Amino acid sequence: MKKSSQTLNSEGASFVFYVTLMVLIMTWATPGSVHATLTNDFQLNRTLVTDTTRNGGFETTNTSNWVISAPTAGTTTDTTATNSLSPGPSAPSEGSWFGLTTVSGATGVRIARNTHRNRSQGLTLDDGNILRISADFARPDTLGLTTIHIVPQLYNGNTVVDTLDTFAMNIASSNAYEWVTIAHDWVLPNLTFNGVDIRIDMRSPGSSSSTYTGYLDNLVVLQGQVIPEPSVAALTLIALVGWLRLKRRRV
Ligand SMILES: [Ca+2]
């Protein structure tokens with residue numbers, strides 16, 4: 001009876017160590033999988049878009065880099081959506097200009113950078129396993145586009161090979177005219193791809209036929225790789241040693 005209890009305790013402890021080990025390994029391997037969390041140790045490999053690179057800050061006053069199209073599938077296409085630039089009424093988050101988007105009705109508006117439509121503007125992906133996107137958004141106190149969706153879509157040539165998880169966030173009316181920075185890391189899958197299409201949806205909140213407005217500025221797209229934290233590596237090693245010692249004791 002006593003021996004059985006010891007065996008059970010040993011197996012229980014071994015199981016705890018095993019679970020701890022697995023959790024640590026998973027946390028280490030996929031640090032960017034949690035929404036709204038940026039990878040702590042991020043080594044920059046490639047700059048794809050910044051305020052001065054590919055007009056991510058709209059300071060060239062040229063919107064031709066950006067394509068406006070229908071919102072996501074399942075919602076009604078709104079042909080009234082417009083995309084323009086404005087120095088006001090709210091001050092830009094950086095520089096002198098920002099993207100001003102409007103749409104009538106209950107749908108929304110999509111701003112996209114299409115690699116498959118125009119290869120000369122393509123964002124090439126082939127160096128690093130983390131895709132980092134950040135952007136600043138704002139809205140008026142009323143009739144503002146309230147929901148932001150960011151969806152990276154991976155291409156190999158002109159073929160879509162993967163659509164990454166949607167990052168979604170609301171901009172509350174209490175933040176009227178205040179710029180909010182939204183940032184997220186995506187772990188790129190082990191697939192063959194060479195380009196990415198950054199889709200940014202700004203959606204209206206209701207069914208009114210009123211015109212809704214949203215602001216976008218300071219879009220930054222980076223590619224990099226994870227640098228494992230020494231502390232996590234040390235914890236993983238401790239868990240592994242403990243688990244092996246218990247396993248040896250049971251034999
Ligand atoms: Ca700007």
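Guide: Two strands pair if DSSP finds at least two bridges between them. Helices (H or I, at least four residues) and strands (E, at least two) are DSSP runs, numbered from the N terminus. The model here is predicted: local features need pLDDT of at least 70, side-chain atom pairs count only at pLDDT 80 or more, and totals for chains, interfaces and linings use all residues. Residue numbers start from 1 along each chain as its sequence is written.

Visitor: How many helices and strands are in the protein chain?

Guide: The protein chain has two helices and 13 strands.

Visitor: In which sense do S8 and strand S9 pair, parallel or antiparallel?

Guide: Antiparallel: S9 (residues 159-163) pairs with S8 over four bridges. Tyr155 stands opposite Val160 in S9. The hairpin of S8 and S9 has two residues between the strands, and Gly157 takes a positive phi near 70 degrees there.

Visitor: Which residues touch the most other members of the largest nonpolar core?

Guide: In soluble globular proteins, nonpolar side chains tend to be buried together. A nonpolar core is a set of buried Ala, Val, Leu, Ile, Met, Phe, Trp, Tyr and Cys residues joined through C-beta atoms within 7 Å. A residue is buried if 20 or more other C-beta atoms lie within 10 Å of its own, exposed if 12 or fewer, and partly exposed in between, with C-beta atoms placed from the backbone. In this case the largest core has 33 residues, and Phe137, Val196, Leu216 and Val221 touch the most other members. Elements giving two or more residues to this core include S8, S12 and strand S13 (211-226). Of the 251 residues of the protein chain, 30% count as buried.

Visitor: Where is the place of Leu38, and what does Leu38 touch?

Guide: Leu38 is in the loop between helix H1 (2-29) and S1. Two residues are in contact if their C-beta atoms, placed from the backbone, lie within 7 Å. Not counting residues up to four places away in sequence, Leu38 touches Arg132, Ala183 and Asp185. Leu38 counts as partly exposed because 14 other C-beta atoms lie within 10 Å. The C-alpha atoms of Leu38 and Trp186 are separated by 8.9 Å, although these residues are 148 residues apart along the chain.
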